[in-house]
Amino acid sequence: MENLADIRWQVCSPELQALLVDPQACVVETLVPGFEAQVFKLSVQEQHYVLKLWNEQSNPDIRRQYDVLSMLYQHKLAVSCVYGYGTYHNQAVLLTSYDGEPIRKITTPHLSLLARELAHLHEIRTDAMQGVAIPAYGQNSYFYSGIDEHSELSALLHTLIQHIEWREPSIIHADYHLANLVYDGERYTIIDWTNIQLLDARLDLAWALLILRLYVSARYERVFRQAYLEARPQANDQLDAFTALAFLRWLMQYEKGHTPKLPAARKRAQELVQENEWLQPHSALIARWITM
């Protein structure tokens, strides 16, 4: 991406129009990329922006992301302000505010704040989104791709899905963890809404708790859990079953190399399996899996 003027903008805010007056004045800095996109920081004097450029294979619904972020911003959720979207050589492009850097250190009060922010997202009524279309992908096809090749885990997945008393879908981020949050010294912002969808909010909570436990610590997982459940105590119902669902999702990503294979995470995973009534009967299989 060499020049903002090379992008075919479909929505162009006044802020973006001002940038396009002299696109050569932008200083472009490459940020850490994700699995699906390149990320750039654009600076013009004291103003900073983020431009996300998805690869062609990802093919996100960029208009939906723009509309969703616009509405969530209006609901005072901690999301980036969006300024425009378009395409660059068949690649989707989104321009947002620059909201800080990846979190390098987290405190207990801040972790509680992030838990309450997730609860805030789950409380936003879908009918308050003013017709913005949020997808509902369902369980198996989206989170557990490839699980049918593993009969025992597939059987567990189907048992869990049948056992759970599913609730009315909420708006979920679907990948809420510290790597998808940034901090500017005063405010946290939730980023990477590629997976946004409608589903039972407890699955979103279980995933956030699982990643905290495996990659940070059980203590921080407890802090996050307590703060979230103080805001939404009803989410505690069947949370062990949702934890098992989140763990199966993690296993599928672990197999594909999409999650870090750290010794500490493997040890914590084995401990969690022994504590969870749904996972414990499969502990021998899971132990072999995560030591590969």
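I began with helix α9, residues 263-275: at 1.5 Å a residue, its 13 residues should span 18 Å, and I found its end C-alpha atoms 19 Å apart, which agrees. A reminder to myself that this is a predicted model.

**Entry 1: the faces of α9**

Which residues of α9 are buried? I noted Ala265, Ala269, Leu272 and Val273. Looking down the axis of α9, I saw these buried residues fall within an arc of 100 degrees, so they line one face of the helix. On the other side of α9, I found Pro263 and Glu275 exposed. Next I looked up what covers the buried residues of α9, and the list includes α6 (201-215), α8 (239-256) and α10 (283-290).

Lys267 forms a salt bridge with Glu271, and their closest N and O atoms are 2.7 Å apart. I have Glu271 down as partly exposed, because its relative accessible area is 35%.

**Entry 2: other salt bridges**

How many salt bridges are there by this rule? My count came to 12.

I picked out two more pairs. The side chains of Asp127 and Arg125 meet in a salt bridge at 2.8 Å, N to O, and both Asp127 and Arg125 are exposed.

The side chains of Asp237 and Arg167 also meet in a salt bridge, at 3.2 Å, N to O. Asp237 lies in the loop between α7 (218-231) and α8, and Arg167 in the loop between α5 (151-163) and β8, so this pair ties together parts that are 70 residues apart in sequence. I noted Asp237 as partly exposed, with a relative accessible area of 37%; Arg167 is partly exposed too, at 33%.

**Entry 3: Asn180**

Last stop: Asn180, in the loop between β8 (170-172) and β9 (181-183). Is Asn180 buried or exposed? Its relative accessibility is 8%, so I counted Asn180 as buried, the cut-off being under 20%. A polar atom of the Asn180 side chain lies 2.9 Å from the backbone oxygen of Asp175. Leaving aside neighbours within four places in sequence, I listed the contacts of Asn180 as His173, Asp175, Thr189, Ile190, Ile191 and Asp192.

Note on methods. Residues numbered from 1 in each chain as written. Predicted model: local features only at pLDDT ≥ 70, side-chain atom pairs only at ≥ 80, totals over all residues. Heavy atoms only, no water. Helix = DSSP H or I, 4+ residues; strand = E, 2+ residues; numbered from the N terminus. Expected span 1.5 Å × (residues − 1). Buried < 20%, exposed > 50% of the residue type's maximum accessible area, 1.4 Å probe, protein only. Arc of directions from axis to C-beta. Contact = heavy atoms within 4.5 Å. Polar contact = N/O pair within 3.5 Å; in protein donor to acceptor, adjacent residues only side chain to side chain. Salt bridge = Lys/Arg side-chain N within 4 Å of Asp/Glu carboxyl O.
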